[in-house]
Amino acid sequence: MSAVSAVLARDLRLARRAGAGASLGLMFFLVLIAIVPFAIGAEQKLVSRLAPALLWIAALLATLLGLDRLFQADEEDGALDQFLLSGGSLTLLVLAKALAHWLVTGLPLSLAAPVLGLMLAIEPQAMLPLALSLLVGTPALTLIGLVGAALTVSLNRGGLLLSLLVVPTAIPTLIFGVAVAKAAAEGRDFAMPLTVLCGTTLFALAISPLAAALALRQARG
Amino acid sequence: MSGQYFGFIAGSYAAAILVLGAMIGGAVLRYRGARTRLARAEGLRESEKARR
Amino acid sequence: MTDQTSGSLLRLANPAVFNRLADRLIGPFAVLTTLLFVWGLYGAFFVAPPDYQQGETIRIMFIHVPSAWMAMFVYAGMSLSALGTLIWRHPMADVALKCAAPLGAGFTLLCLVTGSLWGKPMWGTWWEWDARMTSVLVMFLIYIGVIALQQAIEEPNRAARAVAILTLVGAVNLPIIKFSVDWWSTLHQPASVFRLDGPTIHGSMLGPLFIMGIAFLLLYITLLMLFMRAEVMNRRAERLELLAAEAD
């Protein structure tokens, strides 16, 4: 267990050193949102209507970013071997990595979403549900992404391939995440999509660490 | 078989011929290529043995 | 019964046994496939009547629906092969998985293309974000992912196991994706869209459709045997080339 918390602390420290930690992912999120009006025009109604979808797609892209290095760095500097030698459970390691990744990407994005939603003129009553949907749904994106990262751990430039593997699997999360915010914006009840969104996250939590651990083990031969 | 839809039907069957044809062609070419490669590799091994 | 099947499956683990069996079967299967295609196509064009709603475009169904069946069938087979690779380390399972993926992707692509060509006269657009078409598109993407991962990892054993894991992850997720896409499309679907699975499939259409389905299945089995046979030969050639290089 201490090995797991050590991994968690180390990953968080590394993220902080590498570029002001969580703020870098947040800046990427902000940049994506900032270019939207240039692409679709500044018409407020249109932007407002697209806002939940844009925030969710930005969250997906921000999650994908850097996933390809998630296990590779550990593989290269021997940290993975050390962990295995110390008798740690690979599944727990994967969970710790997932938690660290989510703490520096998904969590800050969810917290910043209301502010960015303001910029995109999202309906006021949809603000909190949108943030809530991101809070509940981004762990699923991270967990799904982790499987892709484990599968491509031995590849030098696996980033594009990783996106190809991960994005189709993330479709249910995207559908129900956007549905929560849309229902809230239209003043409808969003309990059903929110429940299913929680379901996809729990399912990813049950399956992904096992699959990722299996993939890591086979990659080491 | 005439009528306004002829193009779409012909297009569908053309697509089928193209895709299935590529699959069949790919399989046959791969089979032949593998057979040639194996024959050469085995020939090499035989001559290796004969030299020794 | 189970003993017998597992026994024969185990015997197939020996590539030599597979080779002998495949060499004996490929020819007859090819002939049978051709005959069934001729029979099925004759039925599709000359026996089946034009549909009362969709007219002559119903002829597209005889390719579209069998390819959709094969797209699912091939993936199911790949999932079984993936289990074979991961649990039993069955050497032919990994060959089967590798060879099936491009064929499955081909059937899925054909399903998409013919669906689009059918959609244009029926829906008025080349692409409708209809639940079924969208699910098939996602399936195509998953096939592409499997093939891409297969090609990206060079070491064959590693590639085989990574691809097996990815295939199983896809198999677990496909029903969820299907469910969510269905749910999503009920929100977005304009009510007036014409349904491809129209109210009636006349009996005289069902016969040729069934024959075409079997023809597609046999074509797949024949091609899979050819590809697997080629793969086994390629692997043996690789080993021999390696031995020769070491001897030099």
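Helices (H or I, at least four residues) and strands (E, at least two) are DSSP runs, numbered from the N terminus. By that rule, the elements of chain A run α-α-α-α-α-α-α-α-α-α-α from the N terminus on. This is a predicted model, in which local features need pLDDT of at least 70 and side-chain atom pairs count only at pLDDT 80 or more, while totals for chains, interfaces and linings use all residues. Residues are numbered from 1 along each chain as its sequence is written, and chains are lettered from A, with ligands numbered from 1, in the order in which they are written.

**Chain A**

- Chain A has 11 helices and 0 strands.
- The radius of gyration is taken over C-alpha atoms, and the globule rule is 2.2 Å times the number of residues to the power 0.38.
- A compact globule of 221 residues would have a radius of gyration near 17 Å, so the 18 Å of chain A agrees with the rule.
- Taken along the principal axes, the C-alpha atoms of chain A fill a box of roughly 55 × 35 × 30 Å.
- A residue is buried if 20 or more other C-beta atoms lie within 10 Å of its own, exposed if 12 or fewer, and partly exposed in between, with C-beta atoms placed from the backbone.
- Of the 221 residues in chain A, 51% are buried.
- Two residues are in contact if their C-beta atoms, placed from the backbone, lie within 7 Å.
- Among the contacts in chain A with a separation of 6 or more, 82% are between residues 24 or more positions apart.

**Chain B**

- Chain B has 1 helix and 0 strands.
- The radius of gyration of chain B is 22 Å, whereas a compact globule of 52 residues would have one near 10 Å.
- The C-alpha trace of chain B spans about 75 × 10 × 5 Å along its principal axes.
- Buried residues are 27% of the 52 in chain B.

**Chain C**

- Chain C contains 7 helices and 0 strands, in the order α-α-α-α-α-α-α from the N terminus on.
- Of its 248 residues, 43% are buried.
- Residues 24 or more positions apart make up 80% of the contacts in chain C with a separation of 6 or more.
- C:G119 sits in helix α4 of chain C.
- C:G119 counts as buried because it has 22 C-beta neighbours inside 10 Å.
- Leaving aside residues up to four places away in sequence, C:G119 touches C:T125, C:W126, C:W127 and C:E128.
- C:G119 and C:A215 are 96 residues apart along the chain, and their C-alpha atoms are separated by 24 Å.

**Nonpolar core**

- A nonpolar core is a set of buried Ala, Val, Leu, Ile, Met, Phe, Trp, Tyr and Cys residues joined through C-beta atoms within 7 Å.
- The largest such core has 161 residues, and A:A150 and A:A215 have the most contacts inside it.
- Helix α4 (residues 91-123) of chain C gives the largest share of this core, 19 residues.
- A:A150 touches A:F71, A:A212, A:A215 and A:L216, not counting residues up to four places away in sequence.

**Contacts between chains**

- Two pairs of chains touch, and chains B and C have the most contacts.
- Chains A and B do not touch, and their nearest C-alpha atoms are 23 Å apart.
- Ala, Val, Leu, Ile, Met, Phe, Trp, Tyr, Cys and Pro count as nonpolar, Asp, Glu, Lys and Arg as charged, and the others, Gly among them, as polar.
- In the contact of chains B and C, 27 residues of chain B meet 31 residues of chain C.
- The side of chain B that touches chain C has 18 nonpolar, 3 polar and 6 charged residues.
- The contact of chains C and A takes 21 residues from chain C and 20 residues from chain A.
- On the side of chain C that touches chain A, α5 (131-152) and α6 (156-188) each supply at least two residues, and α6(C) gives the most, with 12 residues.
- That side of chain C divides into 16 nonpolar, 3 polar and 2 charged residues.

**Helix pair α9(A) and α5(C)**

- Axes are lines fitted to C-alpha atoms, for helices over the stretch in contact, and angles run from 0 to 180 degrees between N-to-C directions.
- The axes of helix α9 (residues 159-169) of chain A and α5(C) come within 9 Å and cross at roughly 150°.
- The contact between them involves A:L161, A:L164, A:L165 and A:P168 of α9(A), and residues of α5(C) including C:V138, C:L141 and C:G145.
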